[in-house]
Structures are given as structure tokens and as C-alpha cells.
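Dear colleague,

I am handing over the structure below. My notes on its cores and aromatic residues follow it.

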Amino acid sequence: MTYIARDEWEKHFSDGKGFRQLGERERDLLAEHTPAPDGGGRALDVGCGTGELAAYLASLGYAVDAIDFTDSALARARDEHGDVEGVRLLHLDIEHDDLAPLHDAGYDLITLRLMYAFVQDRSRVVHGLSERLRDGGALVVITPVVQNTPEERRGIALDEDEIAVLAAGWETVERLDAGSLAILVLRGPCHADTRAVEKGPTTGHALTGALAVVTDGAGRVLLGRSRRGVLELPGGKTSGAEDIAAAAVRQLAEQTGLVADPADAYVVTMLVDDSHGIPRLTAVVRVTAWTGTLTNGEPELFDRWEFFDLHALAGVGDVFVPAAQALDAVWPGVIPNLPPVVSYPVAAERPPVPGEPAEAVRLRRAMAETVIGGGWAPSEPVRDALRTVPRHRFAPEANLAATYDGGDRAVVTRRDETGTATSSVSAAWLQARMIENLGLAPGAIVFEAGSGGYNAELIAHVTGPCGRVVTVDIDPWVVRRTRAFTTEAGSGRVTVVEADAALGAPAHLVPRGGFDASVITYNCWDIAPAWREQLAEGGRLVLPLEVGGYTRAVAFERRGEVLHARGWTYCGFVRDQGQQARTIPVVSLLDGGLTLRFEHGIAADTTGLEQALRGPRHEAATGVTMGANAYFGSLQLYAATTLPAFCRLAAHQAPAEGVTAIRKDRDAPAIVGDASLAYLTHVQTKDGERPQDTAWEWVVHAFGEQGPELAEQLAATVRAWDRHVRADDNDKHADPVLTVHPAGTPDHLLPGGDVVDKTSSRLVFRWPGRDGHFAAQGHARGNHGRGVIVWLNGPFGGGKTTLAAGLCRALPGATVADPEAICDLLRSTLAGQALRAYSLTQPATATRIRHEFAHVLDTPAGRAGELVALAQLLQVADRGGHPDLAPHLARPAEHLTGTPVPAP
């Protein structure tokens, strides 16, 4: 009785047949070795048949899910054991169905009685079941063994080699005897690290072969377990002048019974290595379609053929070296720590290969609904992309549940030698949010910095058949992986380039007029000039901008040489590499107990801080409180952009062991002075049984002679944030107005605000409540000429040029202007600025004019025009004209010049 087809089993049970009854010895051993936990446990009986074992497990105190793939077996189970409480009967095929009906929280006991020998993909099924075990749980397999089974019935039994394979990778294995049956009690995670192993030496002078990579309708890959206990791909040596693809197809049919047309077999790459010193050339052939029923055509060489989940390939034990390298050629990263091999990719186009399990479809829909429900994907094109693009095929090493987590989970796909993530598939909600902020139209051409495949394919789906994505990454491994995955499961509209993304896309891939949108998928300390230069006028650039060590995904819109922030999202990404990689100055204090990080790039003088930290601590209350789940990310950014000498103080020991109140491995906003330091922390002021009944107050701790002064400065910053930025609703905190200007832009051509200088850009933050304020963070700049406007009248000539240069050196920040030289420049902007100035008594109108004409007004020429318009109208007001307008003119004039306007 070695049934394969479901209808054979249906007939078996409908005819009144069954299996041997559960023996007393089996009952005793189960009760002894797998008792139910105190208070009851949960069990899963796989292949329950007529329900006898499920009923017995219920009597031991388990709540039992009993599953079978035949209706006739379940019907008999209801008839024979329907009165047993605690048993839930489910119609499920453990190999092929979506197992969503099973208990989400896992099981204390999983049993497979007299059915394991009938499972085709044994390794995959056991691995999947092991992932459903709770801590301390057991998987129990009850099976006949070959030596105790008549020859004609040995198809239902396991031999010792098969039992060894089943037991491999478990933490503990107990083998119990119940007459002619073996009871295997397996505990602990089932994971046998994959090793790439060689066969014995050969006598040939060279080895050539072709391996077929075949997947089923669920995207699982076919592997055979050889008589040596090693997993291999279908294939083998080529014969004479035989075509490589034809050889792979021939071997596939001979070994497995599966039939493929050579036209559906594509050579992916040629691998060159050696075996015991003999050169070896292996062709990797991807088969995209096949027919037939899986059989073992060479039983003298292979025990069986099975389909394996890609995410499980890192834990399947020994794999033949060429097979492991071939799998890595198609799905880079699924098997770690492989021996080196030289790969020669074959530039042949091939179609994407379909196939995914029903579980992936269900989880993808659930993920999409979670993201949509959170408000991150308001547009239908982005929603449809989330529901359609198979995320799991761009992270094949992760299981489906982790891949389709709709929360904050990113799937890390690459780490450096320190264990730091360098590449990942970001959280789905964040990808959706950033794509929404790109404002994509059908047919858009988009640049992506930082590759992986999934995000690029989401964008390609949103932009439609006429759209295109150019994705660039500096890591050759990431590029190879992205190309492989977009080929396997992509749209054909993503171009993958290996280069430093900070330099932008290669010139021949940049569309005329620039990219419609660009997205950067790694933390950016600075904004590369190429990203602005290759962006179309009015196009969107979305990137995770790091300021003061805090990251926000900012959506910028290009207006001339200036980028204007249009949206903010709290986020975190992997760090930048290549030309943009930065080393943040760090100062260690108190023998490594504390660390100061100067995130703006320039370290302050810390002389005397060690002594100050060993002295008395000054404390200052802010009077600003917060409740549970309060958002204070805006406070971090506010402090980082408005406080001179801002840094972050990190603690590497518990508060009781050190001098600060900062928790171990956490950090706090801080500022430094002469041998002095102040940092921000919080203390609990109200306790309660419920989180909503608790409260904390922001306080400042300071050390050193200037400590009290620094503490008050930091406390005042918190109070200003509380007045002008904070809101009761966490989603309603005020964002700053942010513009990004090219490095080298003179101070007098910047709008008023707090300036953070980077290597390639100058960031100007204009926070509510700080109108007219001007302060530079980062690179030191002189401002003692700020607000001085010098007009050079008279005919233009060398003397005027020399005088202007001297004034610029003598008065850094001063505006030195030649009316004749800028006459034409002013003419184009003066009318617009005059219109805005006249509208200042109507704030809504003024704001609208500023927004509608931002591309003209928010430019150096526009600011010069604004100065002229304000000066002219102030002169009119001084002569008695427009008295209602005069108070409204003074504020923007002071904002631009930094100099108070005298009252008329």
C-alpha cells in the first residue's frame, strides 16, 4: 500500500479500511515522553486518518488540531470520535495547502503517525513543522522500519539512512521502540547548517557539466538526495558536442521524469573552479517550464527527489559544491559561506519564472491591507503594487511570515564583518510612503540609489508599462543579486548598474531633462550634487536625510538649484557607502563609560571635560512634561538644528555605575562649552497602573563651570519646542521649512534660518517661532557682516571690483551689490516680490503667492528683489504712505537682513 494520489486515499477510507490501531505501548510511551504541559497544551496531528490518535491526545490534556487531506477519513473521524471534546478536524494537505487555519501560536506537540513515508517533500515538511513548535515542544514520528517490515510492504517503512536524515539537525533525538514501530521524539530547532561538499577525486583531466535549476508552482527548487547523503541538482556531465541546455534537459528527464523543452532552458552563467585540483566548468541552466510527474529515475544513485523552500536552503545539511554555487547564481545569498568560484554570466534574455505558494498570496494581501490601513498608501497605483509585486522573491532567504510583516520589520539581506546591516528590504509601510511622496505619473523615469530589486519593482509597477527605473549600487554582490531577482521575478523595466550612487546614473541612462523622480534608500549625511543635477525641474527627490544623527525621509522638490522640503517621515536605513560615507568624530570619556558623537562632522574642544564630569552635577527643570507614547522625535531634530555645539552623549554603563542618568547603550541630546557639558534627560513625575496614567518631565543635567548656563540654554530650547513645534496629536507636530542649497552659496543668498553645513550642501531650517534667526551649524562661518548691505554706485570698472572683493573679505556675510550689474536680475523678480509685499496684510494671500511663485521668489535673484521691494515700500511708509502696511514690512526685512528695522 504505497498510495500517491489523493483519490486512492479517498477510496481507501471510504471502503472502511484504516491503519493498525493505536497500541498500548504507543499510548504509554506518548504519555510518558510527551505529557501535556500544566494547564493543558496544544497538539497537531498530521495525517490524522480516522482520528484515533487525536482522540487519545485530547485525553492527555491537549487541545488538538487533527488534519487530513481526504474527506472520507475526516467523515469517519467525526462518526467515530465526534463526541470527544478538544479535537478540531481540518481538511488540509500538509504538503500543498496554505496552512493558515492552523494555530498561530504554535504547538507543544506535533505527531505524524504511519504517514511520514507517504510524504514526497519530507525535508520541507519537517522543517516547516519544526517552525511551528513552541519552546520545549516535540515533533513525534511513528513509523515502521524496513528491517521489521515484509518486503512487499517496505514502501510504507523507513530504513536507517532515512531515519538518520530525519533526525539530523535536532537538538535532542529519542528513539523508542513500540513492537515493529519506531517512535522518534525530536526536540529543539531543526537546523543543520548547509555545507558545500565535494565528491571523491576523479581520474580525468577536466570536468564539464550542466545543472538544471527547476522550481515548482510554489517557487520551490528541486534537489535530489544522493546515496552519499548529499543534496544535488539534476544534471551531470555533458556528452560530446551536445548543446549545454539540451544536456541539462536530458539529464532532468533521465533522473527525475520531468520533461522540459530545450527552448525553455536558459544558460544563466558558467562557473569555473576545481575539484581536487582538476579544473571544472559547470553550466547553470534555468528551466522555466516543465511537465510530468516527479519520479526517481536513477535509484542506484539517488534516494529521492524533493522540492525545497528557498528560505530553508541555509539549513539542509550537505550540498554538492557545484549545486550550491548554481543555487547561489540564481538566488544569491540563499546559501551562505560558499567556497570561491569564478562566474561568467551569459548575457541571454530569459523570461521571468512564475510560481509562489498560496500562503504568499494571502500574506501579501494582509501586508498590503496593514499598510493601507495605516494611511501609508492612499493612491491606488501604490496599493496595487503592494498587492501584486512578490516581495518574498526579493528576499528568498527569509521565511514568508518575516518577509510579509506589515509592521516595522525590514529584512536584512547583507551585513559587514562587524555584523552591521549594509543592505535590506525596508519595511513595506516606509517603502509605500516614500513612493507616494515621489508623486509618480504613468511613464515616469525614476532613479534609485541603493539596490535590492523589490523597491525598484514597486516603482516600475506604479509607473506602468511605459515607465522605467535605473537603480545603482556600489556593492557588486548587491548588484548581482538585484539583477538575478529582477530577472527571475521582475517586470523587465528595471536597469541595474554597479557604480557609486553618489555620482548619479551613467550619463547615457539619464533622460533628457532629467529624471522625473529620484529615491535614495540609504541614510544620507549629505545630499550629492548629482542627485539634484540629474533631477528634472519640479521633480521629486525622496531620501533618508541624517541631521545630528537623526534620520527623516524627506521629500524634496527641485526649484532651480534649490531643493524645497515637501514632506517628512520618521525612519531609519542602512548607512551610506562609497564617496558619501562619513566617519563621525567621536570622543571617549571616563574610560569608555561615555561617548560624545559630533554628528555635524566637527568635534568641539573637550579639554577639561573629564575633570568636569567627576565634579558636581547641576540640574535644571524645563517644566515640560510628556505622557506615555508621546512623540519627541521633533524635539531631537529641533535641538540638533538650533543648538550651537550640538552633539550626542552616549552611555555605555548603567546609571547606577556612571555619572549620568542615561540608560546603558542609549544616548541623549547634548551641548558642550569650555570644559562643560549639558545633556537632556527625563524623570518620571507621575506613576499609575495604566500607561496613560504615567508622566515624565524633561530635565537637564550639566557639569562644569559653564554647566548652569548650558543647562538653561538647553532647557530654553525644550520650552521653545513645546510652545512652537509640539502638538497634542503625535502626527501634528510642526515640521520646519527646509531648503537645501549648493555648498558655497554665500550667507547673504540664504534665507534666514538655522544653517547646517554639509560637504556638498547647505541646509536651512526655518522653525516656527524662530523667524529671522540665523545660525550656522557644522563648518564654522563668520557672520559679523550679516545684515550689512553695501551699494557700490558709479561706473563699473576694475576699481569697483577690487573694492567689492575687499568688502567681502572684511565683512563676511555682508551683501555687496552693484545696482547696474543686477538691474536685469531684479527686473524679473521685483514685480513678484512687490505683489507679495503689498499682500502682507492678508496672510493667506501672501502665503499663497509665496507658494505659487516659489520657483522665482526663493532664489538668489528673488531674495535680492525682495530686499529692493521692501526697501522701496519702507521708504513710502516712512513718508506716510500705506500706514497699515508698515508693521508687516519690518518683520520680513529683519528676517532677510538680521537687522531690526527702526520704527517710523
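Which residues have the most contacts inside the largest nonpolar core? They are V221, L233, L313, W331, L386 and L440, in a core of 74 residues. A nonpolar core here is a set of buried Ala, Val, Leu, Ile, Met, Phe, Trp, Tyr and Cys residues joined through side-chain atoms within 4.5 Å; buried means under 20% relative accessible area (1.4 Å probe, protein chains only). Helix 12 (residues 428-438) gives the largest share of this core, 7 residues. Helices are DSSP runs of H or I with at least four residues, strands are runs of E with at least two, and both are numbered from the N terminus.

Another core, of 58 residues, lies apart from it and includes V472, L541, W568 and W721.

This is a predicted model: local features need pLDDT of at least 70 and side-chain atom pairs pLDDT 80 or more, while totals for chains, interfaces and linings use all residues. Residues are numbered from 1 along each chain as its sequence is written, and side-chain values use heavy atoms, without hydrogens or water.

There are 15 aromatic pairs in the structure (Phe, Tyr or Trp rings, the six-membered one for Trp, with centres within 6.5 Å; planes under 30 degrees apart are stacked, over 60 edge-to-face, the rest tilted). The W568 and F765 rings are tilted, because their planes stand at 45°, with centres 6.5 Å apart. W568 is in strand 26 (residues 562-570) and F765 in strand 36 (residues 761-766), so this pair ties together parts 197 residues apart in sequence. W568 is buried at 14% relative accessible area, and F765 is buried at 1%.

Regards

Methods. Buried means under 20% relative accessible area, exposed over 50%, partly exposed in between (1.4 Å probe, protein chains only).
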